[in-house]
Amino acid sequence: MEKYNDYYDALEIVKHNQAVKVVASSIISDKWEDAWSNDVEFEIWYDISLSMLSHPECVRLGADSCPMCGHNRIQLHYIPLDKSSIGQNIRICTNCKKYLGI
């Protein structure tokens, strides 16, 4: 019975990582162009998506509800690529395409 539990745990991790990959990929796709209308914003969102992909275990999907639109937000531990600051927890809304915490 123990090996089946390990199998189901592994499946849950794979499903979570796939969901994180879908969100991270959509952030840097043209679907989010309005969220990164300038180069600085694109770099921040690019960093956020890479942070998600690098540390999917630190991403919590459906963390809470967005106070602006009511959709589920994602919480993640954001670590800038240039390591200019210590990582911090941020929340992003995939509907409003806004982040809070940077």
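In this predicted model, tyrosine 99 is partly exposed, with a relative accessibility of 23%. The ring of tyrosine 99 pairs with that of tryptophan 45 in an edge-to-face arrangement, the centres being 5.2 Å apart and the planes standing at 75° to each other. Because tryptophan 45 belongs to helix 2 (residues 39–54) and tyrosine 99 to strand 4 (residues 98–100), this pair ties together parts that are 54 residues apart in sequence. Tryptophan 45, for its part, is buried at 1% relative accessibility.

As for the cysteines, the count of disulfides is zero. The closest cysteine sulfur to that of cysteine 93 belongs to cysteine 69 and lies 3.6 Å away, which is too far for a bond, because a disulfide requires the two sulfur atoms to be within 2.5 Å. Cysteine 93 is buried, with a relative accessibility of 1%, whereas cysteine 58 is partly exposed, with a relative accessible area of 33%.

The accessibilities discussed above are collected here.

| Residue | Relative accessibility | Class |
|---|---|---|
| Tryptophan 45 | 1% | buried |
| Cysteine 93 | 1% | buried |
| Tyrosine 99 | 23% | partly exposed |
| Cysteine 58 | 33% | partly exposed |

Definitions and conventions:
Residues numbered from 1 in each chain as written. Predicted model: local features only at pLDDT ≥ 70, side-chain atom pairs only at ≥ 80, totals over all residues. Heavy atoms only, no water. Buried < 20%, exposed > 50% of the residue type's maximum accessible area, 1.4 Å probe, protein only. Phe/Tyr/Trp six-rings, centres within 6.5 Å; stacked < 30°, edge-to-face > 60°. Helix = DSSP H or I, 4+ residues; strand = E, 2+ residues; numbered from the N terminus.
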